[in-house]
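Here is a short report on a protein model. Look at the sequence and structure first, then read on.

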Amino acid sequence: MYKEFTTISEVAGSLLTVEEVEDARYMEIVEIELQDGSRRRGQVLMTSKGEALVQVFEGTEGIGVGQSKVKFLGRVMELPVSPDILGRVFNGSGVPIDGGPGIVPDARLDINGSPINPVARDYPIDFIQTGISAIDGLNTLVRGQKLPIFSASGLPHARLAAQIARQAKVLGEEEKFAVVFGALGITFEEANYFISELRNTGAIERSVIFVNLADDPVVERIITPRMALTAAEFLAFEMDMQVLVILTDMTNYCEALREVSAARREIPGRRGYPGYLYTDLATMYERAGRIQGKKGSITQIPILTMPEDDKTHPIPDLTGYITEGQIILNRQLQHKGIYPPIDVLPSLSRLRDKGIGEGKTREDHPDVANQLFAAYARGREAEELATILGEASLTDLDRLYIKFAKEFEETFIQQGEYEDRSIENTLSRGWNLLRMLPREELKRIQDIHLELFYDNNQSSSSEE
Amino acid sequence: MLEGSTKGVILSVNGPVVVAIGLPGAKMYDLVKVGEDKLVGEIIGLSQDKATIQVYEETAGIRPGEPVESTYEPLSVELGPGLIGSIFDGTQRPLEVIREISGDFIARGVEVPALDRSKKWDFHPLVEVGEEVEPGDILGEVPETTAISHRVMVPPDVRGKIREIKEGSFTVEEVIAIVDQGGEERPLTLMQRWPVRTPRPYKRKVNLDEPLITGQRVIDTFFPIAKGGVACIPGPFGSGKTVVQHQLAKWSDADVIVFIGCGERGNEMTDVLMEFPELVDPYTGEPLMKRTVLIANTSNMPVAAREASVYTGITIAEYFRDMGYRVALMADSTSRWAEAMREISGRLEEMPGEEGFPAYLGSRIASFYERAGKVIALGKEDRTGSLTVVGSVSPPGGDLSEPVTQNTLRVVQVFWGLEDRLAYQRHFPAINWLISYSLYLPHLEKFWRENVAPDFSANRNLAMQILQQEAELEEIVRLVGVESLSFRERFVLEIARSIREDFLQQSAFQEVDTFSSLRKQYLMLKLIITYYQEGLKALERGLSLRDILSIPAREKIGRAKYIPEEKIETLEELIEEVQEEIANKLKGEVESNV
């Protein structure tokens with residue numbers, strides 16, 4: 001039996017100090033029993049001879065000094081897993097909340113996981129077709145990648161993520177696919193939107209959902225994404241499934257971490273976030289990937305909202321340094337009525353170059369993508385110049401580029417929420433745009449591709 | 001190593017920082033084994049009988065009362081055959097072996113020696129019995145890989161007469177020589193150990209006068225780094241730091257490459273591991289992996305080991321430098337190293353300096369970069385070896401005023417400033433030519449003159465001027481429009497664009513473009529400069545800008561980068577073509593006027 005302690009000496013915020021403890025383990029799980037018999041859980045944050053600092057997940061309301069009982073469980077936080085977790089909804093601590101039965105576990109997994117040995121990793125190279133031109137054509141997602149969406153309040157990141165979850169597929173293969181969704185401090189509406197999207201498409205059967213809503217305990221938010229990723233690792237590496245993990249909203253997660261850090265009186269880093277925010281985020285984002293000899297994979301799409309649309313805020317900044325690119329949503333495009341409002345220029349997929357081209361998408365894809373980027377960037381620059389000087393003072397070529405940029409936004413980026421474009425469709429849209437420009441401007445494209453696609457107007461008959 | 005070490009006990013655990021009591025005789029930076037799992041740690045603070053320890057592995061589950069054992073030895077690396085082609089974690093544990101033991105995920109407390117104990121190496125002695133040897137002298141050679149011959153050296157603390165020397169196959173622990181050091185027998189093996197935080201000794205440093213040729217045009221031609229020099233690459237995320245580092249690791253004309261992935265992505269290390277055995281070194285024709293040592297402490301691996309990883313890497317690099325090799329070390333990213341220092345410092349509740357970094361940040365950075373250089377190594381034969389260090393910096397928000405960048409800029413001689421604006425335009429490498437610099441330019445002048453072409457520097461300087469001028473002219477265009485510029489100025493803008501797009505931009509992923517020899521770089525730039533000079537002359541003689549810009553050779557300038565090395569002479573023909581076409585246009589102009 002576990003020994004119970006009634007020696008809580010201090011309660012501050014979400015933290016308890018327990019005295020006269022017999023050597024608590026670092027990160028050990030504790031159970032707190034209140035006077036009314038209700039139970040809460042917490043975790044040891046700091047341990048020294050005879051004293052432990054405990055963080056309570058569900059809040060310290062009702063916990064009294066010298067009255068509540070504390071039990072140290074001798075193990076770290078675990079998630080019970082079995083194939084039956086598919087189709088289930090859990091709260092942020094991994095307890096089922098869909099009215100179904102409890103999980104009879106095959107195994108209990110440490111939610112902190114262990115780092116994947118870099119030697120054991122397999123490089124992600126399989127193209128995932130999301131059916132969205134701005135992603136497939138220019139910022140290609142590959143299987144095993146971690147590609148966040150940098151959004152801001154009022155932008156349709158939820159719809160975009162749901163569209164990706166609906167449409168994502170690897171070409172030419174029938175494989176077991178699963179979605180793990182982690183809601184971190186979002187509203188009931190937003191969480192419900194995702195769940196009903198999954199339900200409507202029947203995807204709910206192969207989904208696992210963890211929900212920590214805006215009014216759920218803040219500290220619990222710190223373990224929710226780890227629960228989700230542990231479930232994802234089980235599905236990917238034990239059950240050979242292709243797992244897509246969507247975590248939203250990472251900004252709420254980071255704020256929860258800051259709150260706990262402040263309560264511990266730690267020396268803050270930038271903007272009050274703890275100095276270890278980078279390492280902390282990395283231990284989650286790095287859980288994406290593929291492993292040699294295993295069929296499954298984990299692809300992560302974390303969503304975060306940039307405070308004040310500021311990309312240099314610590315949360316998007318540190319995320320961008322860890323993840324393999326980012327999809328950035330832009331308010332101006334949203335105002336122009338473009339969906340999805342993806343600003344392709346600052347967006348990036350670092351794994352694109354290994355996932356596209358001959359044998360993967362099409363041999364001209366890398367060149368087309370580079371040329372579209374360069375041309376669109378030039379068009380945007382010319383647009384800026386035109387707003388200062390007026391279009392009349394621009395060269396003919398610059399005016400052409402402005403037209404190009406406009407067409408690009410309207411025919412390439414813009415698409416329907418339920419429009420699922422094939423990669424061929426996306427590329428021929430690209431060529432249609434590039435044909436607006438004179439041949440000598442297309443320096444990024446090798447001659448053989450120009451001959452085949454630029455000179456040959458046949459390919460413009462896109463299969464729509 | 002002292003046997004019978006006394007055991008202490010853990011007093012408290014706070015993240016990677018553990019406080020223990022009862023370790024008599026413990027010294028700063030001694031290596032300790034913490035807890036029942038024997039996690040590896042290092043003593044970073046002593047106060048009376050308490051020792052503060054940073055643990056290199058995850059500490060969850062550890063509790064007060066568990067034992068702590070000191071090895072009474074500082075964190076050291078094993079130096080000997082078997083380093084090349086291996087991948088280690090931050091404390092030199094071989095990741096391949098860890099995988100065999102603990103599977104796809106890294107378990108805690110795995111104790112494995114850095115170098116394979118069972119593998120036999122062929123050793124050919126180069127000294128004879130009775131010979132006097134001093135530290136650094138070469139005892140013999142081991143063909144470690146097809147690209148690198150491992151020179152087995154007399155360790156820095158051994159000197160005397162060779163009493164015995166063997167030839168044949170040996171493991172790294174078997175005795176290959178015995179030295180009589182003033183009557184005392186010193187058995188020597190293929191392997192030696194060295195504490196990572198102490199720089200390895202050498203005779204003296206010498207001046208740098210040779211460039212590290214990287215095959216990257218913007219670097220070699222515009223902002224070169226000398227062999228033995230130090231450079232930094234700061235840039236916001238997505239600006240291509242890692243790609244530049246990888247390009248340097250691939251194409252630099254160094255003998256040995258040490259690549260440290262410090263707190264970065266796991267997939268990037270996998271990329272190197274998968275790609276390097278396939279890629280061929282343009283200088284030796286051997287696979288790149290045969291000259292590369294990898295240190296991987298990715299962002300999700302324990303933070304204390306990340307702090308150690310840069311020292312582990314640079315000590316290995318110094319060891320090869322001492323053999324007389326030209327070594328290049330890439331550290332990606334030094335900001336993660338600095339953050340690891342900050343995290344540990346925070347846990348120790350030290351008084352923070354700027355942005356929470358410890359006050360000793362600057363001195364640590366400086367002493368790390370100071371370990372680079374070109375040296376005369378220990379030993380009778382005065383071998384020259386060099387160690388070039390390139391560190392990437394990841395400034396938060398891309399803001400270069402932050403402490404890590406500023407402290408780094410104080411010590412490095414080359415600055416390759418990456419910019420996200422260029423990256424958005426897919427101008428790669430996104431090195432901004434207006435803010436970057438290399439202080440080695442004057443030292444390398446002679447090399448260019450003698451080994452490439454007499455006008456190499458002149459062309460470079462002219463190109464730089466044109467780019468500067470472009471920046472000024474663009475200001476004007478932004479204010480009053482392109483109409484206000486003279487034809488001459490508009491021509492300058494066109495040439496600047498050509499320098500940017502046809503010379504500075506270089507694709508890391510295009511087979512031919514990924515590497516340019518110095519000769520090719522010279523000819524490519526000369527091509528653009530010739531067009532500029534001939535064009536200017538023609539403009540003065542009345543030819544219209546439209547005519548100059550419409551010569552057919554112009555499209556070929558844009559595609560010059562795709563000309564393979566073996567057809568480099570077509571570039572010389574192209575230069576003549578440009579001259580002829582402009583001359584013809586001029587002739588046509590004159591005739592039509594007649």
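Start with a loop. D309(A) sits in the loop between β19 (297-305) and α7 (314-322) of chain A. Helices (H or I, at least four residues) and strands (E, at least two) are DSSP runs, numbered from the N terminus. D309(A) is not a glycine, yet its phi is positive, about 55°. Its relative accessibility is 36%, so D309(A) counts as partly exposed. Buried means under 20% relative accessible area, exposed means over 50%, and partly exposed is in between (1.4 Å probe, protein chains only).

This is a predicted model, where local features need pLDDT of at least 70 and side-chain atom pairs count only at pLDDT 80 or more, while totals for chains, interfaces and linings use all residues; side-chain values use heavy atoms, without hydrogens and water. Residues are numbered from 1 along each chain as its sequence is written, and chains are lettered from A and ligands numbered from 1 in the order in which they are written.

Chain B has a residue with a positive phi too. E349(B) is not a glycine, and its phi is near 55°. E349(B) lies in the loop between α6 and α7 (361-369) of chain B. Its relative accessibility is 69%, so E349(B) counts as exposed.

| Cis peptide bond | Omega |
|---|---|
| Y339(A) to P340(A) | near -10° |
| D332(B) to S333(B) | near 10° |

P340(A) belongs to the loop between α8 (331-335) and β21 (348-349) of chain A. S333(B) is in the loop between β22 (326-332) and α6 (334-347) of chain B.

Now the interior. In soluble globular proteins, nonpolar side chains tend to be buried together. A nonpolar core is a set of buried Ala, Val, Leu, Ile, Met, Phe, Trp, Tyr and Cys residues joined through side-chain atoms within 4.5 Å. The largest nonpolar core here has 179 residues. Among those with the most contacts inside it are L139(B), F320(B) and W416(B). Helix α13 (residues 518-540) of chain B gives the largest share of this core, 13 residues. A second, separate core has 69 residues, including V89(A) and L442(A).

What does W416(B) touch? Not counting residues up to four places away in sequence, its partners include I219(B), F223(B), P234(B) and S436(B). Contact means heavy atoms within 4.5 Å.

Finally, chain B as a whole. It is divided into domain 1 (7-74), domain 2 (116-190), domain 3 (204-439) and domain 4 (456-593). These bounds come from an automatic or database domain assignment. The C-alpha centres of domain 1 and domain 2 of chain B are 36 Å apart.
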